[in-house]
Amino acid sequence: MSSTERPGAPPPGAATAQPEVFTGVDPSEEAVHWDLGSSQSYAQYLRLDRLLDAQEPLSTEHDEMLFIIVHQVSELWIRLMLHELRAVIECVRRDNLGPSFKMLERIGRVQAQLLAVWEVLSTMTPADYSAFRNLLGRASGFQSLQYRLLEFTLGNRHARYIDVHAPGSAAHTALSQALAAPSLYDEVLRLLSQRGYGVPAAVLARDYSQPYTPSKQVTAAWLGVYHNAGKDWDLYELAERLVDLDHGFQLWRFHHMKAVERIIGYKPGTGGTAGVAYLAKALRLRLFPELWELRTSM
C-alpha cells in the first residue's frame, strides 16, 4: 500500500459521491389551494389590513416604530390574559377547577411574553427615545384600559384610576363595572368558604370597589388547605397557580421599572406620574397577600 493511501479510501481516479444539494421545497409537489374560491384568506381571517395599518409613527425617527409595536403587542397579550382570566373566574364560580389550571398555565406563558417585550424595548437608547418622546404629549400606558381592567380583575383596586377616562366614555363605564364586581381572589375566597374553610363573613361581603385588606383568618384558612392538600388537592393547586400568577406580575412590574429607568432615568412619566419612583412603589403590591404570608407559618 502506498504511503499516501488510507485504508478504505477509494482507489485513485475512482468517482466519489457528491453530497446532495437541497434546493428547498417545491410547492408544485404539494396540494396547495392556489385558488381560494369563496373561502376567506389568511389575511382576511386575521384582519391584517387593519392590524398592520395601525402603526403610524408621528416622526421619521427609526425607533418610534419599535416603541409603537412593543406597546401594541403588549395590549394584544393583555387581551388574551383577560380572556383567560374571565374563563378562570367562571370555573371558580362553578367549583370546577380542573379546566382552570390549563388556563392559568397559559396565562403564565403569556406573562413570559410580556416580560420579553421589555427586553426588546431596552434596545432603544435614551437618545433614541428623546428624539420623539415629546410628540407623545400626555399619552401614557397609565391610561391603558386593558391594563387597568387586568389589575381590577386581579384585585388591585383604587377608584381614582377610573378618573383618567372621561365620565360617560366606554372606558370609564367598563372600569366602573369591573370595580363593582368581585375580583378573581374574591371569587376564590368565596369558594374557600363554600368548601368549609373559615373565611370571615366581612371578607365575603366587603365593598369590592375598595382595596383588599389582608386577613389573619384568611391566612389560617389557606393554611388549612395546605395541611389538607390530599383532601382538597384542587384548592391547593389553585393556590400555587395564584402564587405563580402573582410572582409573574411582580416580575413584569420590575422589568417595566428597569426598562423605564434605563431609557428615561428619573424623569416624570408622560402621563404625569413620578415615573420610576411611581413604578418602584407599585412593586410592593401583592395580589394574593395571604398566600405569601402563610409561607412564614408553614
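Start by selecting glutamate 105 and arginine 241: their side chains form a salt bridge, N to O 3.9 Å (a side-chain nitrogen of Lys or Arg within 4 Å of a carboxyl oxygen of Asp or Glu). This pair links distant parts of the chain, with glutamate 105 in helix α4 and arginine 241 in helix α11, 136 residues apart (helices are DSSP runs of H or I with at least four residues, strands are runs of E with at least two, and both are numbered from the N terminus). Glutamate 105 is partly exposed, at a relative accessible area of 36% (buried is under 20%, exposed over 50%, partly exposed in between, with a 1.4 Å probe and protein chains only).

A word on what you have open: this is a predicted model, in which local features need pLDDT of at least 70, side-chain atom pairs count only at pLDDT 80 or more, and totals for chains, interfaces and linings use all residues. Residues are numbered from 1 along each chain as its sequence is written, and side-chain values use heavy atoms, with hydrogens and water left out.

Next, select arginine 195, in the loop between α8 and α9. Its side chain meets that of aspartate 232 at 3.3 Å, N to O, and that of aspartate 234 at 2.6 Å, N to O. Aspartate 232 is buried at 8% relative accessibility, while arginine 195 is partly exposed at 23% and aspartate 234 is partly exposed at 22%. The structure holds 17 salt bridges.

Now turn to the open space. Select His71, Ser140, Gly141, Phe142 and His256, which lie nearest the centre of the largest pocket among its 45 lining residues (on a 1 Å grid over the protein atoms alone, a pocket is an open set of points with protein on both sides within 12 Å along at least five of seven lines, and lining residues have an atom within 4 Å of a point). The volume of this pocket is about 1,300 Å³. Colour α3 (64-93), which gives the largest share of the lining, nine residues.

Finally, select Leu46, Arg47, Leu51, Leu76 and Arg79, the closest to the centre of the second largest pocket among the 13 residues that line it. About 420 Å³ of space lies there. Keep α3 coloured: this helix also gives the most to the lining here, with five residues.

Note on methods
On a 1 Å grid over the protein atoms alone, a cavity is a set of points where a 1.4 Å probe fits but cannot get out, and a pocket is an open set with protein on both sides within 12 Å along at least five of seven lines; lining residues have an atom within 4 Å of a point. Grid points are joined across faces, edges and corners, and a volume is the space filled by probe spheres set on the points.
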